[in-house]
Amino acid sequence: MDYNKGDYVVLLFLEEPVEISCRCKNWTLESGYYMYIGSAMSSLAERVKRHLIEEKRKYWHIDFLREKAEVVAALLLPTEKQREEELSNFVSQYGEAVPKFGASDCSTDSNLYRLELRNIERIFSSIVLKWRDKCDSFFD
């Protein structure tokens, strides 16, 4: 398996409410925890590393959020088959979607979810266990 391609999850924290503007889109985000789902079918480690850096040329929606949010954790999930939409649908069961955020190349409405603190451990542990077990369909 190529360990530098796959999906990822980034957990972010906003200390206070913010306005995010990116191209022709605007979002108002409350303070709290947010989980962002993404994929990189080449250069997985480099993509996530880029998300960790605050000062950079902004390209993806997360780049605009990253200016204002602190990264709390990142989970890299090497895989040959992109499962970004499955991950996003799974996380959507636990959090409130931020419409049209980070999902322009997916069939999901969002790749960013506001989460209650009590759900974060459950989400991370479920993802890791399902990835480890290599189920055919991870999130059924």
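Biologist: Which residue in β7 does Y33 stand opposite?

Modeller: In this predicted model, strand β4 covers residues 32-40, and strand β7 covers residues 112-115. These two strands run antiparallel and are joined by four bridges. Within that pairing, the residue of β7 that stands opposite Y33 is L115.

Biologist: How many bridges join β1 to β4?

Modeller: Strand β4 also runs antiparallel to β1, and one place where the two face each other is at Y8, which stands opposite G38 in β4. The number of bridges that join β1 to β4 is nine.

Biologist: Which residue in β5 is the bridge partner of V10?

Modeller: Strand β1 pairs with strand β5, residues 70-78, in the antiparallel sense and over eight bridges. In β5, the bridge partner of V10 is A74.

Biologist: How many of the nine residues of strand β1 are buried?

Modeller: Strand β1, which spans residues 6-14, is largely enclosed by the rest of the structure, because most of its residues fall under the 20% relative accessible area that counts as buried. Strand β4 is mostly covered as well, with eight of its nine residues buried. For β1, the number of buried residues out of nine is eight.

Biologist: Is H61 buried or exposed?

Modeller: H61 lies in helix α2, residues 61-66, and among the residues it touches are C22, W27 and F101. A polar atom of the H61 side chain lies 2.7 Å from the backbone nitrogen of G102. Its relative accessible area is 8%, and since the cut-off is under 20%, H61 is buried.

Terms used. Residues are numbered from 1 along each chain as its sequence is written. This is a predicted model: local features need pLDDT of at least 70, side-chain atom pairs count only at pLDDT 80 or more; totals for chains, interfaces and linings use all residues. Side-chain values use heavy atoms; hydrogens and water are left out. Buried means under 20% relative accessible area, exposed over 50%, partly exposed in between (1.4 Å probe, protein chains only). Two strands pair if DSSP finds at least two bridges between them. A polar contact is a pair of N or O atoms within 3.5 Å; within protein, one must be able to donate a hydrogen and the other to accept it, and residues adjacent in sequence count only if both atoms are side-chain atoms. Contact means heavy atoms within 4.5 Å. Lists of a residue's contacts leave out its neighbours within four places in sequence.
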